[in-house]
Amino acid sequence: MKRLVRFIFAGGVGFVADAAALWLLLAFTQLGPFVARVVSIGFALSVTWAINRHLTFSPSSRGIAQEGARYGGVGIATSIVNYLAYCAILMALPAMPPLTALAIASLVAMALSFLGYSRLVFDR
């Protein structure tokens, strides 16, 4: 249960990082909500890896490069789910603010992320 609570904390920090990056990109660049979201997801993955590695799961017995590659693989897979949900929401409901779509899509991908990270990256 403690691991799940720490994972939710890491996800919350990642969500804030993702939302802040998305907001900044939308406010200060010419990137639209779809391209800006790809960039913000990459930033959030970097933030959550650091937190999950040191707080939620602790470093695996693999080297940092192999662990990072596995984390990236799971992160990319779950980010695709997250991004597709985000795009579907914005296309179905064009008036919805991108940050609201981000929140909904992030919840959709959270369970999948926990299973992937706990079983494929930081397994013992």
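1. A word to start with: a residue is called buried when its relative accessible area is under 20%. Keep that in mind for helix α2, where Ala36, Arg37, Ser40, Ile41, Ala44, Thr48, Ile51, Asn52, Arg53 and Thr56 are buried. Do bear in mind that this is a predicted model.

2. Now the overall picture. The chain has four helices and zero strands, and from the N terminus on its elements run α-α-α-α. Its radius of gyration is 15 Å, close to the 14 Å that the globule rule gives for 124 residues, so the chain is as compact as a globular protein of that length. Along the principal axes, the C-alpha atoms fill a box of roughly 45 × 25 × 20 Å. Buried residues account for 38% of the 124 residues. Take the contacts with a separation of 6 or more: 69% of them come from residues 24 or more positions apart.

3. Back to α2. What covers its buried residues? The cover includes α1, α3 (64-92) and α4. An α-helix has 3.6 residues a turn, so residues three or four places apart point the same way. After the helix comes Ser58, with a positive phi near 70°.

4. Asn52 is worth a click. It sits in α2, which spans residues 33-56, and it counts as buried because its relative accessibility is 2%, against a cut-off of 20%. Its side chain has a polar contact with the side chain of Thr56 at 2.9 Å, and another polar contact, of 3.0 Å, joins the side chains of Asn52 and Tyr71. Leaving aside residues up to four places away in sequence, Asn52 touches Phe7, Ala10, Phe57, Ser58, Tyr71, Tyr117 and Phe122. Ala77, on the other hand, is 25 residues from Asn52 in sequence and 17 Å from it in space, C-alpha to C-alpha.

5. On to the rings. How many aromatic pairs are there? The count comes to seven. One of them is Phe7 with Phe114, an edge-to-face pair at 5.0 Å centre to centre with 70° between the planes. This pair links distant parts of the chain, with Phe7 in α1 (residues 2-28) and Phe114 in α4 (residues 98-121), 107 residues apart. Phe7 is buried, at 5% relative accessibility. Trp23 and Phe28 are also paired: their ring centres are 6.0 Å apart and their planes at 85°, so that pair is edge-to-face. Here Trp23 is partly exposed at 49% relative accessibility, while Phe28 is exposed at 63%. Phe7, Trp49, Tyr71, Phe114 and Tyr117 form one aromatic cluster.

6. In soluble globular proteins, nonpolar side chains tend to be buried together. In this model the largest nonpolar core has 13 residues, and Leu22, Tyr86, Ala101 and Leu102 touch the most other members. The elements giving two or more residues to this core are α1, α3 and α4, and α3 gives the most, with five. Apart from this core lies another, of seven residues, among them Phe7, Phe57, Tyr71 and Val121. Ala101 touches Tyr86, Ile89, Leu90 and Met96, not counting residues up to four places away in sequence.

Notes
Residues numbered from 1 in each chain as written. Predicted model: local features only at pLDDT ≥ 70, side-chain atom pairs only at ≥ 80, totals over all residues. Heavy atoms only, no water. Buried < 20%, exposed > 50% of the residue type's maximum accessible area, 1.4 Å probe, protein only. Contact = heavy atoms within 4.5 Å. Polar contact = N/O pair within 3.5 Å; in protein donor to acceptor, adjacent residues only side chain to side chain. Phe/Tyr/Trp six-rings, centres within 6.5 Å; stacked < 30°, edge-to-face > 60°. Core = buried A, V, L, I, M, F, W, Y, C linked by side-chain atoms within 4.5 Å. Rg over C-alpha atoms; globule rule 2.2 N^0.38 Å.
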